[in-house]
Amino acid sequence: MEKATPTPTNSNKKKFNYDDELKILHTELVHMQEWVKNQGLKVVILFEGRDASGKGGTIKRFTEPLNPRICKVVALGVPTEKEKSQWYFQRYVQYLPAAGEIVLFDRSWYNRAGVEKVMGFCTDDEYDEFLRSCPEFERMLVRSGIIVLKYWFSVSDEEQERRFKNRISNPLKRWKFSPMDLQSRSRWLEYSKAKDQMFAHTDTKQVPWFVVNSENKKKARLNCISHMLSKIPYEQMDIKPIELPPLPDGKAYVRPPMNYQTFVPEKF
């Protein structure tokens with residue numbers, strides 16, 4: 001396991017403007033995307049952590065400037081009966097990237113080491129097999145040429161509670177709160193133990209875990225994106241100027257009368 005990086009003290013933390021820093025990172029993300037596309041790289045990024053730890057917000061800011069045909073988000077629901085009968089990793093393999101693609105997993109195969117273990121959705125044998133086979137599975141991905149990055153978003157119980165209360169009281173965020181979130185609160189200790197066990201088995205030299213301090217969401221987003229850019233070998237691409245061609249002569253075209261079409265009412 002890698003030695004933890006010391007947390008900066010308040011004295012050496014620089015002041016920053018969130019929007020300005022995000023704009024800089026977005027520019028670099030576009031360069032990285034073009035490099036991945038042109039070099040035929042394959043990138044997988046896993047986002048894990050407690051509920052309300054900031055994974056979704058980071059993914060949203062990550063994908064905001066990127067081409068959805070190149071950078072894809074996978075957020076799977078409850079497995080079907082057929083999927084439950086398959087090899088555990090089979091459900092996720094179909095979403096792995098082809099050359100020139102980036103895939104972000106909003107929760108991943110680590111469901112088995114977290115929610116499935118804590119909530120009893122898998123057997124002890126299935127759980128033990130996952131801990132044995134997961135490192136080998138990820139090493140196999142790396143050997144096949146896939147860049148695999150794993151991020152764990154760490155948040156305190158006090159901050160999680162504050163965010164849960166905000167979700168409950170805010171109609172625009174109420175959909176984010178589920179009965180499973182209630183279970184995660186009441187089983188905080190069990191989830192902590194499961195996370196420690198998961199790290200002990202899957203924090204490998206080839207595919208290590210990177211922990212994101214997400215007490216402050218905006219800082220977590222910037223830190224995670226910046227770190228990810230440092231882990232993917234890319235070069236800034238030359239952006240060639242584009243000149244718009246002139247419109248053709250429109251005299252040969254007569255637009256149909258506007259009352260032939262149904263327009264959206266202009267309320268604004």
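A salt bridge here is a side-chain nitrogen of Lys or Arg within 4 Å of a carboxyl oxygen of Asp or Glu. This is a predicted model, in which local features need pLDDT of at least 70, side-chain atom pairs count only at pLDDT 80 or more, and totals for chains, interfaces and linings use all residues. Residues are numbered from 1 along each chain as its sequence is written, and side-chain values use heavy atoms, with hydrogens and water left out.

**Charged pairs**

Side chains of opposite charge can pair when their charged atoms come close. Searching the whole structure turns up 13 salt bridges, and the table shows some of them.

| Pair | Closest N to O distance |
|---|---|
| Arg 112 and Glu 116 | 2.9 Å |
| Glu 159 and Arg 163 | 2.8 Å |

How do these sit relative to the surface? For that, buried means under 20% relative accessible area, exposed over 50%, and partly exposed in between (1.4 Å probe, protein chains only). Arg 112 is buried at 12%, and Glu 116 is buried at 12% too. Arg 139 is partly exposed at 22%, and so is Glu 136 at 43%. Those two share helix H6, 3 residues apart, or about one turn; helices (H or I, at least four residues) and strands (E, at least two) are DSSP runs, numbered from the N terminus. Glu 159 and Arg 163 sit in helix H7 (residues 157–169), 4 residues apart, again about one turn, and both are buried. Elsewhere, salt bridges with shared partners join Glu 48, Asp 51 and Arg 107 into one network.

**Rings**

Now the aromatics: rings of Phe, Tyr and Trp (its six-membered ring) pair if their centres lie within 6.5 Å, with planes under 30 degrees apart counted as stacked, over 60 as edge-to-face and the rest as tilted. The count comes to 19 aromatic pairs. Tyr 88 and Phe 130 have ring centres 5.7 Å apart and planes at 85°, so they are edge-to-face. Tyr 88 lies in the loop between helix H3 (81–84) and helix H4 (90–93) and Phe 130 in helix H6, so the pair ties together parts 42 residues apart in sequence. Both Tyr 88 and Phe 130 are buried. Tyr 151 and Phe 210 make a tilted pair, because their centres are 5.8 Å apart and their planes at 40°.
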